[in-house]
Amino acid sequence: MQNETQKAFLILNSIFVGSLVIASVLASKIITVFGLVVPAGVLAYCVTFVVTDVISELWGREKANSVVLGGFVALVFSLLLVRLAVVWTPAPFWPHDPAFRTVLDSTSRIIVASFCAYLLSQYHDVWAFHLLRQLTGGKHLWLRNNLSTAVSQLIDTVVFITIAFYRVMPIAPLILGQWVIKLVIAILDTPVVYAVVWLLKACRWAPESSALPSPSTR
C-alpha cells in the first residue's frame, strides 16, 4: 500500500513539474479566449494549482511545500538549459536560428518572471489552503480550493505579467484577461480536485491518515 501511495505522489509531482515548465514555454505566445487576451500557458499553469490542492488535502502542507520547491528548482534548471540552447552555435545548414532565438529569448524573461510569481503565489496557495482547512475544520474542500486559488492566481498574474511583458505589451488587458480565465478554470477544476481526491482515497493510494470522508463533511 505504501508503494502505491508513493507512486501516486510521484505521478502528481511529475504532472506539476511538467505543467509548470511547459507553461513558461507556451506563455511566449499570446492568445485570445472569448475576447480576452492571455498567455497560451494559462491552462498548463492552472493545472499546478489543482495538483498542490490535491497534495495539500491528502499529504499535508509539508509535502505540498516540497513540491513547490521542486518546481522552482525545475524552473531554474530549465532557464539554464534554454540559455545554453540560445547561445549554442547552430549547425551551418539550419536556417531557423533567428526564429528560435526570438521565441526562447522571450521565454528566458518569462521564466525569470515565473520565478518571482511562482514562489509568491504557490507558497501563498499552500498557506491559504491550510489556513482555510483549519478554519473550516477540514470541511468544504470546494471553498478551500476556490478561495486559496483565486487570491493566489491574482498574485501570480499581477507579478508575472508585469515582469514578463512590461514595455513589451499592454499589461492591463493581459492581467485582467489572465485572471478572469484563471478564475473560470479554478471554478471548473473544483470537480476535478474532488474526483482526484476521492479516487486516490477509494483506491487506497492516499496516505492512511487521509480517511475517506463522509458526505456530510463535504
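Student: What makes the span of helix α5 (residues 141-165) close to the expected one?

Tutor: In this predicted model, α5 has 25 residues and reaches 35 Å from its first C-alpha to its last. At 1.5 Å a residue the expected value is 36 Å, so the reach is close to expectation.

Student: And what comes just after α5?

Tutor: There R167 takes a positive phi, about 65°.

Student: How do you know that helix α2 is largely enclosed by the rest of the structure?

Tutor: Of its 18 residues, 16 are buried, so the rest of the structure largely encloses α2. As for its length, α2 covers residues 42-59 and reaches 26 Å, close to the 26 Å expected at 1.5 Å a residue. Just after α2, G60 has a positive phi of about 100°.

Student: Why is the pair E57 and R144 called a salt bridge?

Tutor: The general idea is that side chains of opposite charge can pair when their charged atoms come close. The cut-off is a nitrogen to oxygen distance within 4 Å. For E57 and R144 the closest N and O atoms are 2.5 Å apart, so the pair meets the cut-off and is called a salt bridge. E57 lies in helix α2 and R144 in helix α5, so this pair ties together parts that are 87 residues apart in sequence.

Student: What makes E57 and R133 a salt bridge as well?

Tutor: Their closest N and O atoms are 3.4 Å apart, and the limit is 4 Å, so the pair qualifies.

Tutor: This pair too links distant parts of the chain, with E57 in helix α2 and R133 in helix α4, 76 residues apart. E57, R133 and R144 are therefore linked in a network of salt bridges.

Student: Which of these residues are buried and which are partly exposed?

Tutor: Buried means under 20% relative accessible area. E57 has 4%, so E57 is buried. R144 has 0%, so R144 is buried. R133 has 28%, which lies between the 20% and 50% limits, so R133 is partly exposed.

Student: How many salt bridges does the structure hold, and what makes D97 and R101 one of them?

Tutor: The structure holds four salt bridges. The side chains of D97 and R101 meet at 2.8 Å, N to O, which is within the 4 Å cut-off, so the pair counts. Being four residues apart in helix α4, D97 and R101 are separated by about one helical turn. With a relative accessible area of 11%, D97 is buried, whereas R101, at 30%, counts as partly exposed.

Student: Why is the count of disulfides zero?

Tutor: A disulfide needs two cysteine sulfur atoms within 2.5 Å, and by this rule the count comes to zero. Take C46: the closest cysteine sulfur is in C116, 19 Å away, too far for a bond.

Student: Are C46 and C203 buried or partly exposed?

Tutor: C46 has a relative accessible area of 2%, under the 20% limit, so C46 is buried. C203, at 31%, counts as partly exposed.

Student: Why is H124 called buried?

Tutor: Its relative accessible area is 18%, and buried means under 20%, so H124 falls on the buried side. H124 is found in helix α4 (residues 97-135). Not counting residues up to four places away in sequence, H124 touches S148, V151, S152 and I155.

Student: How do you know that G35 is exposed?

Tutor: Exposed means over 50%, and G35 has a relative accessible area of 70%, so G35 passes the limit. G35 is found in the loop between β1 (30-33) and β2 (36-39). G35 and G177 are 142 residues apart in sequence, and their C-alpha atoms are 8.6 Å apart in space.

Student: Which residues make the nonpolar surface patch, and what makes V87 exposed?

Tutor: The patch, of about 710 Å², is made by V76, F77, L80, L81, L84, V87 and W88. V87 lies in helix α3 (residues 61-87). With a relative accessible area of 53%, V87 is over the 50% limit, so V87 is exposed.

Technical notes. Residues numbered from 1 in each chain as written. Predicted model: local features only at pLDDT ≥ 70, side-chain atom pairs only at ≥ 80, totals over all residues. Heavy atoms only, no water. Patch = residues over 30% accessible without salt bridge, like charges linked within 9 Å, V, L, I, M, F, W, Y side chains within 5 Å. Areas by Shrake-Rupley, 256 points an atom, 1.4 Å probe, with all protein chains shown as cover. Helix = DSSP H or I, 4+ residues; strand = E, 2+ residues; numbered from the N terminus. Buried < 20%, exposed > 50% of the residue type's maximum accessible area, 1.4 Å probe, protein only. Contact = heavy atoms within 4.5 Å.
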